[in-house]
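Please read these notes alongside the model. They are meant for someone who has not seen it before.

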Amino acid sequence: MVLKISELPEEEYIQSGTRLCSGCGIQLAYRWALKALGPKTIITNPASCSTVCGGVGGYTPMKVPAFYCCFETVAANAAGASAALKAQGKDKEIVVLAWAGDGGTYDIGIQGLSGAAERGDNFIFACVNNEAYMNTGIQRSGATPFGAKTTTTPIKGKVQVKKNMLKIMAAHGLSYIATCSISHPRDIYEKFKKAREYNGQGVRYIEILGSCPPGWGFPMSDSIQMTRMAVESGYWPLFERENGKLTISQPSKRYLNKEKRKDIRDYLAKQNRFKGMSEEIIGQWNQYIDDLWAELENELRLQGDLE
Ligand SMILES: Cc1ncc(C[n+]2csc(CCOP(=O)(O)OP(=O)(O)O)c2C)c(N)n1
Ligand code: SF4
Ligand SMILES: [Mg+2]
(Lines give C-alpha, C1' and ligand atoms only; values in the text may rest on other atoms or scores of the structure.)
(Ligands and ions follow the chains in the order given, each with its own letter.)
Protein backbone atom coordinates (compact mmCIF):
# COMPACT_ATOMS: atom_id res chain seq x y z
CA MET A 1 0.00 0.00 0.00
CA VAL A 2 1.45 3.37 -1.01
CA LEU A 3 1.61 5.88 1.84
CA LYS A 4 0.12 9.32 1.37
CA ILE A 5 2.37 12.31 2.05
CA SER A 6 -0.08 13.37 4.79
CA GLU A 7 0.54 10.05 6.57
CA LEU A 8 4.27 10.61 6.91
CA PRO A 9 5.54 11.87 10.27
CA GLU A 10 6.39 15.55 10.48
CA GLU A 11 8.84 15.00 13.34
CA GLU A 12 12.46 15.65 12.34
CA TYR A 13 15.37 13.94 14.14
CA ILE A 14 18.03 16.10 12.50
CA GLN A 15 17.65 19.82 13.02
CA SER A 16 19.28 22.60 11.03
CA GLY A 17 22.93 23.38 11.58
CA THR A 18 24.74 20.38 10.15
CA ARG A 19 28.14 21.00 8.57
CA LEU A 20 27.25 19.18 5.35
CA CYS A 21 27.63 21.01 2.02
CA SER A 22 24.50 22.52 0.46
CA GLY A 23 22.83 19.95 -1.76
CA CYS A 24 24.41 17.00 0.03
CA GLY A 25 22.44 13.77 -0.36
CA ILE A 26 23.37 12.48 3.09
CA GLN A 27 21.07 14.72 5.10
CA LEU A 28 17.99 13.76 3.07
CA ALA A 29 18.77 10.07 3.42
CA TYR A 30 19.35 10.44 7.15
CA ARG A 31 16.18 12.51 7.73
CA TRP A 32 13.91 10.00 6.00
CA ALA A 33 15.55 6.96 7.58
CA LEU A 34 15.14 8.47 11.05
CA LYS A 35 11.54 9.50 10.40
CA ALA A 36 10.87 5.80 9.82
CA LEU A 37 12.87 4.52 12.79
CA GLY A 38 11.71 7.14 15.29
CA PRO A 39 13.24 8.50 18.51
CA LYS A 40 14.10 5.11 20.01
CA THR A 41 17.14 4.68 17.76
CA ILE A 42 20.83 4.47 18.64
CA ILE A 43 23.29 5.26 15.85
CA THR A 44 26.87 4.15 15.35
CA ASN A 45 28.73 6.10 12.68
CA PRO A 46 32.33 5.79 11.44
CA ALA A 47 34.50 8.58 10.00
CA SER A 48 32.68 9.99 6.96
CA CYS A 49 30.73 13.05 5.83
CA SER A 50 27.86 11.72 7.99
CA THR A 51 30.06 12.47 10.99
CA VAL A 52 30.12 16.09 9.84
CA CYS A 53 26.32 15.94 9.97
CA GLY A 54 26.73 15.41 13.72
CA GLY A 55 27.96 19.00 14.19
CA VAL A 56 31.07 20.54 15.73
CA GLY A 57 32.20 22.23 18.94
CA GLY A 58 29.78 20.65 21.40
CA TYR A 59 26.73 21.41 19.30
CA THR A 60 24.73 18.67 17.54
CA PRO A 61 21.67 18.90 15.33
CA MET A 62 20.94 15.19 16.00
CA LYS A 63 17.94 14.43 18.20
CA VAL A 64 18.84 10.75 18.66
CA PRO A 65 22.02 9.43 20.32
CA ALA A 66 24.87 8.84 17.89
CA PHE A 67 28.22 7.24 18.72
CA TYR A 68 31.10 8.24 16.45
CA CYS A 69 33.51 5.37 16.09
CA CYS A 70 36.66 4.29 14.27
CA PHE A 71 36.26 3.57 10.58
CA GLU A 72 36.55 -0.20 10.75
CA THR A 73 34.46 -0.67 13.89
CA VAL A 74 30.97 0.53 12.94
CA ALA A 75 29.42 -2.95 12.76
CA ALA A 76 31.28 -4.14 15.89
CA ASN A 77 30.00 -1.09 17.78
CA ALA A 78 26.46 -1.71 16.57
CA ALA A 79 26.74 -5.37 17.59
CA GLY A 80 27.93 -4.30 21.06
CA ALA A 81 25.11 -1.77 21.48
CA SER A 82 22.56 -4.33 20.37
CA ALA A 83 23.92 -7.00 22.77
CA ALA A 84 23.79 -4.49 25.65
CA LEU A 85 20.17 -3.63 24.82
CA LYS A 86 19.31 -7.33 24.77
CA ALA A 87 20.92 -7.83 28.17
CA GLN A 88 18.76 -4.96 29.49
CA GLY A 89 15.61 -6.35 27.86
CA LYS A 90 15.30 -3.23 25.66
CA ASP A 91 16.14 -4.78 22.29
CA LYS A 92 12.52 -4.83 21.05
CA GLU A 93 11.88 -1.22 21.96
CA ILE A 94 15.15 0.39 20.76
CA VAL A 95 16.65 -0.16 17.34
CA VAL A 96 20.38 0.08 16.52
CA LEU A 97 21.38 1.73 13.26
CA ALA A 98 24.92 1.47 11.88
CA TRP A 99 25.20 4.34 9.39
CA ALA A 100 28.30 4.35 7.19
CA GLY A 101 29.65 5.72 3.92
CA ASP A 102 30.66 3.50 1.02
CA GLY A 103 34.29 3.57 2.19
CA GLY A 104 33.15 2.43 5.64
CA THR A 105 31.05 -0.32 4.08
CA TYR A 106 32.59 -1.65 0.86
CA ASP A 107 36.22 -1.33 1.97
CA ILE A 108 37.31 -0.47 5.49
CA GLY A 109 34.18 -1.72 7.31
CA ILE A 110 33.52 -4.89 5.32
CA GLN A 111 35.25 -7.30 7.69
CA GLY A 112 33.26 -6.23 10.76
CA LEU A 113 30.04 -6.09 8.74
CA SER A 114 30.55 -9.56 7.30
CA GLY A 115 31.31 -10.97 10.76
CA ALA A 116 28.19 -9.39 12.29
CA ALA A 117 26.03 -10.56 9.38
CA GLU A 118 27.32 -14.11 9.69
CA ARG A 119 26.80 -14.15 13.49
CA GLY A 120 23.26 -12.77 13.12
CA ASP A 121 23.87 -9.67 15.26
CA ASN A 122 20.73 -7.58 15.49
CA PHE A 123 20.92 -4.14 13.82
CA ILE A 124 20.23 -2.22 10.64
CA PHE A 125 23.32 -1.42 8.57
CA ALA A 126 22.77 1.51 6.20
CA CYS A 127 25.37 2.48 3.62
CA VAL A 128 24.91 5.97 2.24
CA ASN A 129 26.76 5.54 -0.98
CA ASN A 130 28.20 8.63 -2.69
CA GLU A 131 30.64 6.43 -4.60
CA ALA A 132 33.93 7.74 -3.19
CA TYR A 133 35.73 8.80 0.00
CA MET A 134 34.25 12.29 -0.03
CA ASN A 135 35.10 13.55 3.45
CA THR A 136 38.82 13.41 2.77
CA GLY A 137 38.70 14.91 -0.71
CA ILE A 138 37.23 12.46 -3.26
CA GLN A 139 39.40 9.35 -3.24
CA ARG A 140 38.17 6.27 -5.15
CA SER A 141 36.48 3.50 -3.19
CA GLY A 142 35.30 -0.01 -4.03
CA ALA A 143 31.95 1.65 -4.83
CA THR A 144 33.32 4.17 -7.34
CA PRO A 145 31.88 3.28 -10.75
CA PHE A 146 33.88 2.45 -13.84
CA GLY A 147 35.22 5.52 -15.65
CA ALA A 148 34.66 7.99 -12.78
CA LYS A 149 37.51 10.40 -12.06
CA THR A 150 38.63 10.91 -8.47
CA THR A 151 41.84 12.31 -6.98
CA THR A 152 43.29 8.77 -6.83
CA THR A 153 42.26 7.35 -10.21
CA PRO A 154 44.19 7.57 -13.49
CA ILE A 155 43.40 10.60 -15.70
CA LYS A 156 40.99 8.52 -17.81
CA GLY A 157 39.02 7.53 -14.69
CA LYS A 158 38.59 4.35 -12.66
CA VAL A 159 39.61 1.29 -14.60
CA GLN A 160 37.81 -1.29 -12.46
CA VAL A 161 34.08 -2.03 -12.24
CA LYS A 162 32.66 -1.33 -8.76
CA LYS A 163 32.34 -4.10 -6.20
CA ASN A 164 28.91 -5.75 -6.11
CA MET A 165 28.25 -5.22 -2.40
CA LEU A 166 24.56 -6.08 -2.71
CA LYS A 167 25.45 -9.54 -3.97
CA ILE A 168 28.06 -9.93 -1.23
CA MET A 169 25.42 -9.11 1.40
CA ALA A 170 22.87 -11.39 -0.29
CA ALA A 171 25.41 -14.21 -0.02
CA HIS A 172 25.25 -13.77 3.78
CA GLY A 173 21.58 -14.86 3.68
CA LEU A 174 20.20 -11.74 5.37
CA SER A 175 16.53 -11.34 6.28
CA TYR A 176 16.25 -7.94 4.61
CA ILE A 177 18.24 -6.11 1.93
CA ALA A 178 17.11 -3.03 0.03
CA THR A 179 18.36 -0.29 -2.27
CA CYS A 180 17.13 3.32 -2.07
CA SER A 181 17.87 6.66 -3.69
CA ILE A 182 17.49 10.12 -2.18
CA SER A 183 15.29 10.98 -5.19
CA HIS A 184 12.61 8.68 -3.72
CA PRO A 185 12.19 9.66 -0.04
CA ARG A 186 8.91 7.79 0.46
CA ASP A 187 10.64 4.61 -0.69
CA ILE A 188 13.42 5.28 1.85
CA TYR A 189 10.81 5.73 4.57
CA GLU A 190 8.97 2.51 3.73
CA LYS A 191 12.13 0.43 3.51
CA PHE A 192 13.51 1.61 6.85
CA LYS A 193 10.08 0.91 8.40
CA LYS A 194 10.30 -2.61 7.05
CA ALA A 195 13.87 -3.06 8.27
CA ARG A 196 12.59 -1.98 11.71
CA GLU A 197 9.90 -4.67 11.53
CA TYR A 198 12.62 -7.26 10.93
CA ASN A 199 14.07 -6.37 14.35
CA GLY A 200 15.44 -9.54 15.99
CA GLN A 201 16.27 -11.15 12.64
CA GLY A 202 19.95 -10.33 12.30
CA VAL A 203 21.59 -7.62 10.20
CA ARG A 204 19.30 -5.77 7.79
CA TYR A 205 21.28 -4.08 5.01
CA ILE A 206 20.08 -0.97 3.14
CA GLU A 207 22.09 0.94 0.58
CA ILE A 208 21.09 4.49 -0.40
CA LEU A 209 22.48 6.31 -3.41
CA GLY A 210 23.31 9.80 -2.14
CA SER A 211 24.69 12.43 -4.46
CA CYS A 212 27.67 14.66 -3.67
CA PRO A 213 27.79 17.93 -5.71
CA PRO A 214 31.55 18.62 -5.27
CA GLY A 215 32.57 14.96 -5.60
CA TRP A 216 30.48 14.22 -8.68
CA GLY A 217 30.88 17.67 -10.17
CA PHE A 218 27.41 19.16 -10.67
CA PRO A 219 25.54 22.22 -9.30
CA MET A 220 24.15 21.71 -5.81
CA SER A 221 20.62 22.49 -7.02
CA ASP A 222 20.66 19.28 -9.13
CA SER A 223 21.23 16.77 -6.35
CA ILE A 224 17.79 15.16 -6.51
CA GLN A 225 17.68 15.21 -10.30
CA MET A 226 21.05 13.45 -10.46
CA THR A 227 19.93 10.49 -8.33
CA ARG A 228 16.57 10.37 -10.12
CA MET A 229 18.46 10.02 -13.41
CA ALA A 230 20.46 7.15 -11.89
CA VAL A 231 17.17 5.35 -11.20
CA GLU A 232 15.53 6.24 -14.50
CA SER A 233 18.50 5.10 -16.59
CA GLY A 234 18.40 1.73 -14.83
CA TYR A 235 21.88 2.25 -13.34
CA TRP A 236 20.47 2.20 -9.80
CA PRO A 237 17.57 -0.29 -9.59
CA LEU A 238 15.39 0.05 -6.48
CA PHE A 239 14.61 -3.36 -5.03
CA GLU A 240 14.13 -5.38 -1.87
CA ARG A 241 15.20 -8.86 -0.91
CA GLU A 242 13.12 -10.36 1.91
CA ASN A 243 14.57 -13.66 3.15
CA GLY A 244 16.15 -14.02 -0.28
CA LYS A 245 13.04 -13.22 -2.32
CA LEU A 246 13.59 -10.39 -4.77
CA THR A 247 10.99 -7.67 -5.44
CA ILE A 248 11.63 -4.76 -7.78
CA SER A 249 10.28 -1.63 -6.06
CA GLN A 250 7.45 0.32 -7.69
CA PRO A 251 9.56 3.26 -9.04
CA SER A 252 11.92 0.84 -10.84
CA LYS A 253 9.42 -1.76 -12.12
CA ARG A 254 8.95 -0.09 -15.49
CA TYR A 255 12.71 -0.32 -16.19
CA LEU A 256 12.42 -4.09 -16.53
CA ASN A 257 11.50 -2.97 -20.04
CA LYS A 258 14.76 -1.78 -21.60
CA GLU A 259 12.87 0.63 -23.88
CA LYS A 260 11.72 2.64 -20.86
CA ARG A 261 15.23 3.22 -19.50
CA LYS A 262 16.59 6.70 -20.16
CA ASP A 263 19.89 7.12 -21.97
CA ILE A 264 22.79 6.74 -19.52
CA ARG A 265 24.69 9.25 -21.63
CA ASP A 266 22.56 12.09 -20.19
CA TYR A 267 23.37 11.01 -16.62
CA LEU A 268 27.10 10.79 -17.33
CA ALA A 269 27.21 14.06 -19.28
CA LYS A 270 25.87 16.07 -16.33
CA GLN A 271 28.78 15.17 -14.03
CA ASN A 272 32.37 16.38 -14.24
CA ARG A 273 33.66 13.09 -12.87
CA PHE A 274 32.73 11.50 -16.21
CA LYS A 275 33.99 14.38 -18.36
CA GLY A 276 35.56 13.36 -21.67
CA MET A 277 34.27 9.78 -21.61
CA SER A 278 34.98 7.82 -24.76
CA GLU A 279 32.29 6.03 -26.78
CA GLU A 280 33.94 2.79 -25.74
CA ILE A 281 33.38 3.56 -22.04
CA ILE A 282 29.77 4.61 -22.67
CA GLY A 283 29.26 1.28 -24.45
CA GLN A 284 30.64 -0.50 -21.38
CA TRP A 285 28.19 1.40 -19.17
CA ASN A 286 25.28 0.30 -21.36
CA GLN A 287 26.50 -3.28 -21.15
CA TYR A 288 26.84 -3.01 -17.36
CA ILE A 289 23.20 -1.84 -17.05
CA ASP A 290 21.90 -4.51 -19.44
CA ASP A 291 23.75 -7.22 -17.50
CA LEU A 292 22.43 -5.89 -14.18
CA TRP A 293 18.82 -6.11 -15.36
CA ALA A 294 19.32 -9.44 -17.11
CA GLU A 295 20.40 -10.90 -13.76
CA LEU A 296 17.44 -9.38 -11.92
CA GLU A 297 15.02 -10.62 -14.61
CA ASN A 298 16.53 -14.07 -14.50
CA GLU A 299 16.06 -14.22 -10.76
CA LEU A 300 12.44 -13.06 -10.98
CA ARG A 301 11.82 -15.73 -13.61
CA LEU A 302 13.33 -18.45 -11.40
CA GLN A 303 11.08 -17.27 -8.56
CA GLY A 304 8.08 -17.56 -10.91
CA ASP A 305 7.44 -13.81 -10.75
CA LEU A 306 8.08 -13.09 -14.43
CA GLU A 307 6.86 -14.81 -17.61
C1 LIG B 1 41.31 3.93 9.49
C2 LIG B 1 41.08 5.29 8.89
N3 LIG B 1 41.53 5.54 7.65
C4 LIG B 1 41.31 6.75 7.07
C5 LIG B 1 40.63 7.72 7.74
C6 LIG B 1 40.42 9.08 7.09
N7 LIG B 1 39.05 9.26 6.64
C8 LIG B 1 38.12 9.91 7.38
S9 LIG B 1 36.64 10.07 6.61
C10 LIG B 1 37.25 9.30 5.24
C11 LIG B 1 36.37 9.15 4.01
C12 LIG B 1 35.11 8.34 4.24
O13 LIG B 1 34.55 7.91 3.03
P14 LIG B 1 33.16 7.20 3.03
O15 LIG B 1 33.12 6.09 3.99
O16 LIG B 1 32.80 6.85 1.64
O17 LIG B 1 32.17 8.34 3.57
P18 LIG B 1 31.89 9.78 2.89
O19 LIG B 1 32.88 10.74 3.47
O20 LIG B 1 32.02 9.64 1.44
O21 LIG B 1 30.49 10.09 3.33
C22 LIG B 1 38.59 8.91 5.40
C23 LIG B 1 39.40 8.22 4.39
C24 LIG B 1 40.17 7.44 9.05
N25 LIG B 1 39.47 8.33 9.74
N26 LIG B 1 40.41 6.22 9.61
S1 SF4 C 1 31.64 16.50 0.32
FE2 SF4 C 1 29.83 15.57 -0.64
S3 SF4 C 1 29.14 13.96 0.78
FE4 SF4 C 1 30.51 15.36 1.92
S5 SF4 C 1 29.18 16.90 2.87
FE6 SF4 C 1 29.84 17.73 0.90
S7 SF4 C 1 28.22 17.11 -0.56
FE8 SF4 C 1 28.01 15.83 1.27
MG1 LIG D 1 31.56 7.91 0.30
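How far from an oxygen atom of ligand 1 does a backbone N or O atom of Gly103 lie?

1. The distance for that backbone atom of Gly103 is 2.9 Å. A backbone N or O atom of Cys49 is also placed 2.9 Å from an oxygen atom of ligand 1, and one of Gly104 is 3.0 Å from such an atom. The protein covers 74% of the 590 Å² of accessible area (Shrake-Rupley, 1.4 Å probe) that ligand 1 has on its own.

2. This is a predicted model, in which local features need pLDDT of at least 70 and side-chain atom pairs pLDDT 80 or more, while totals for chains, interfaces and linings use all residues. Residues are numbered from 1 along each chain, chains are lettered from A and ligands numbered from 1 as written, and side-chain values use heavy atoms, without hydrogens and water.

3. Around ligand 1 there are 16 residues (a heavy atom within 4 Å), and Cys49, Gly103, Gly104, Asn130 and Asn135 come nearest. By class, seven are nonpolar, seven polar and two charged.

4. The shell of ligand 2 has nine nonpolar residues, one polar and no charged ones. Among its members are Cys21, Cys24, Cys49, Asn130 and Cys212.

5. Of the 307 residues, 52% are buried, meaning under 20% relative accessible area.

Key:
Ala, Val, Leu, Ile, Met, Phe, Trp, Tyr, Cys and Pro count as nonpolar, Asp, Glu, Lys and Arg as charged, and the others, Gly among them, as polar. Buried means under 20% relative accessible area, exposed over 50%, partly exposed in between (1.4 Å probe, protein chains only). A polar contact is a pair of N or O atoms within 3.5 Å; within protein, one must be able to donate a hydrogen and the other to accept it, and residues adjacent in sequence count only if both atoms are side-chain atoms.
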